[in-house]
Amino acid sequence: MRLPLLALLAKEPAHGYELKARLEQTFGDAYSSPNIGQIYLTLQRLERAGLVRGQDVVQSDRPNKRVYELTAAGQEAVATWAEEPSDEPRIRDDFFMKLALGPAAGVADPLTLINRQRRHYLGLLRSLSTLAEAAPPGNKIGRLLIEGAMLHLQADLDWLERCQEELL
Amino acid sequence: MTRVHVALGRRPAARPRQQAPDPAPDPVPDEPPMLLRSVGLTKVFRTGGQPVHAVRGVDLWVRRGEFVAVMGPSGSGKSTLLHMLGGLEPASGGEIWLDNQRVDGLTQAKWAILRRRHIGFVFQFFNLVSSMSVADNVEVAALIGGASRRAARARREELLADLGLTAKAQAAPSQLSGGEQQRVAVARALAHRPSLLLTDEPTGNLDSTNTSAVLRLLRRSHADGQAILLVTHDARAASMADRVINLFDGMIVDDAAVRPASLRGNAAGSVLDLRG
């Protein structure tokens with residue numbers, strides 16, 4: 001959550017609600033944006049870390065708003081983030097551990113596990129297709145994110161098929 | 001669009017009278033009637049040394065208007081199964097019932113008539129007639145299926161308009177992209193309003209955009225009541241079906257309805273977690 005907010009602030013200073021609206025505008029219904037509480041909390045932490053600077057703006061008809069801008073350290077953090085390849089694990093997978101350990105433990109049958117997981121992936125693909133159809137054609141980022149999720153599921157299904165070929 | 005169902009040709013006289021097989025397991029009273037059913041279907045190839053058991057006792061069914069996908073690794077027997085169900089390959093054993101009539105023992109000629117009237121085929125490689133225009137490829141299929149000249153022409157115009165191919169009607173198939181040719185192949189397969197569309201990897205040779213176009217087409221024709229049996233490796237295609245059968249080593253190892261899964265309120269994020 002920290003770096004997306006820094007990246008948005010690198011474009012221009014903004015207050016919490018504007019940041020939330022910008023995330024929503026970017027991803028549409030393809031990705032749920034963090035709630036406003038999370039955003040405020042993250043901004044406070046970023047300020048304590050010296051990456052952003054907040055300034056209260058007095059508003060006559062409503063409570064004051066706090067507008068944030070990047071500090072030099074914040075600029076640096078965004079630049080470093082953009083320049084590095086993303087090397088954290090790309091996939092978290094609980095299913096494979098079940099398949100690897102479940103049958104020997106006598107708590108699961110491999111065919112049942114594989115079939116259940118395949119059905120689940122197909123159901124997810126179906127839901128994502130529906131989401132993709134509902135996405136406005138103009139929202140390229142949202143559509144590409146859904147497509148990415150679907151391609152990952154297709155890879156998961158291929159992997160499942162390999163497991164089926166080798167383990168059954 | 002009303003779907004007119006024409007009665008099938010008579011069974012071959014030589015075959016002893018048989019009752020249609022029992023309905024599928026767990027019949028629900030208000031489900032549509034059976035359209036296609038196989039019982040203990042087998043295929044053994046005996047070319048060369050050891051016999052190869054490609055299909056080993058498959059019981060499957062497709063109800064009227066139902067969309068069923070068959071998935072499975074390469075070599076699992078899915079194409080052979082589809083070819084047997086369409087009469088393109090004789091079965092080694094078991095039964096095939098189409099509309100409560102047994103069809104597995106039909107001669108090639110009888111199968112040809114059956115296909116012309118009741119079955120549409122779409123393959124991975126479009127198999128359009130290269131010497132005919134796009135329009136004629138579709139129109140001739142309707143004519144062979146028994147439509148009048150006027151009806152065949154109207155059907156062709158309707159289908160090509162539906163597929164956004166009206167402007168290409170007079171083009172030769174070779175002037176079209178792969179995706180366009182496959183859309184024409186689907187139009188041709190639907191031209192005679194078959195009760196069953198059989199399709200083998202229809203998106204196997206297409207890029208992502210053309211795959212989407214062909215899938216949209218299949219989904220729309222299914223929404224209009226078309227029964228479809230789709231053999232595919234493409235999970236996106238299979239996920240559109242009402243039911244997915246998994247074939248492994250010539251046998252069915254899973255057969256279940258596709259139910260949309262919850263995205264847990266996080267849309268694509270339930271699969272792809274964006275960090276930062």
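Guide: First, a term. A helix axis here is a line fitted to C-alpha atoms over the stretch in contact, and the angle is taken between N-to-C directions, from 0 to 180 degrees. Keep in mind that this is a predicted model.

Now the pair. Look at chain B, at helix H5 (residues 178-190) and helix H6 (residues 208-223). Their axes lie 9 Å apart and meet at an angle of about 15°. Angles under 35 degrees count as roughly parallel, so H5(B) is roughly parallel to H6(B). The two helices cross in a right-handed sense.

Which residues make the contact between H5(B) and H6(B)? From H5(B) come Gly178(B), Gly179(B), Gln182(B), Arg183(B), Val186(B) and Leu190(B). H6(B) answers with Asn210(B), Ala213(B), Val214(B), Leu217(B) and Ser221(B). By class, this contact has five nonpolar residues, five polar and one charged.

Step back to the whole of chain B. The chain holds seven helices and ten strands. It has 276 residues, and 42% of them are buried. Take the contacts in chain B with a separation of 6 or more: 70% of these join residues 24 or more positions apart.

Next, the partner chain. Chain A puts 36 residues into its contact with chain B, and chain B puts in 27. On the chain A side, helix H1 (2-11), helix H6 (110-134) and helix H7 (140-167) each supply at least two residues. H6(A) gives the most, with 15 residues. Sorted by class, this side of chain A has 17 nonpolar, eleven polar and eight charged residues.

Last, the layout of chain A itself. Its domain assignment gives domain 1 (2-83) and domain 2 (95-167). Taken over C-alpha atoms, the centres of domain 1 and domain 2 of chain A are 34 Å apart. The two domains do touch: six residues of domain 1 of chain A are in contact with nine residues of domain 2 of chain A. On the domain 1 side of that contact, three residues are nonpolar, two polar and one charged.

Back to where we began. In chain B, H5 and H6 pack with their axes 9 Å apart, and their crossing is right-handed.

Notes. Residues are numbered from 1 along each chain as its sequence is written. Chains are lettered from A and ligands numbered from 1 in the order in which they are written. This is a predicted model: local features need pLDDT of at least 70, side-chain atom pairs count only at pLDDT 80 or more; totals for chains, interfaces and linings use all residues. Helices (H or I, at least four residues) and strands (E, at least two) are DSSP runs, numbered from the N terminus. Angles under 35 degrees count as roughly parallel, over 145 as roughly antiparallel, 65 to 115 as roughly perpendicular and the rest as oblique. A crossing is left-handed if the near helix is turned anticlockwise from the far one by less than a right angle, and right-handed if clockwise. Two residues are in contact if their C-beta atoms, placed from the backbone, lie within 7 Å. Ala, Val, Leu, Ile, Met, Phe, Trp, Tyr, Cys and Pro count as nonpolar, Asp, Glu, Lys and Arg as charged, and the others, Gly among them, as polar. Domain bounds come from an automatic or database domain assignment. A residue is buried if 20 or more other C-beta atoms lie within 10 Å of its own, exposed if 12 or fewer, and partly exposed in between; C-beta atoms are placed from the backbone.
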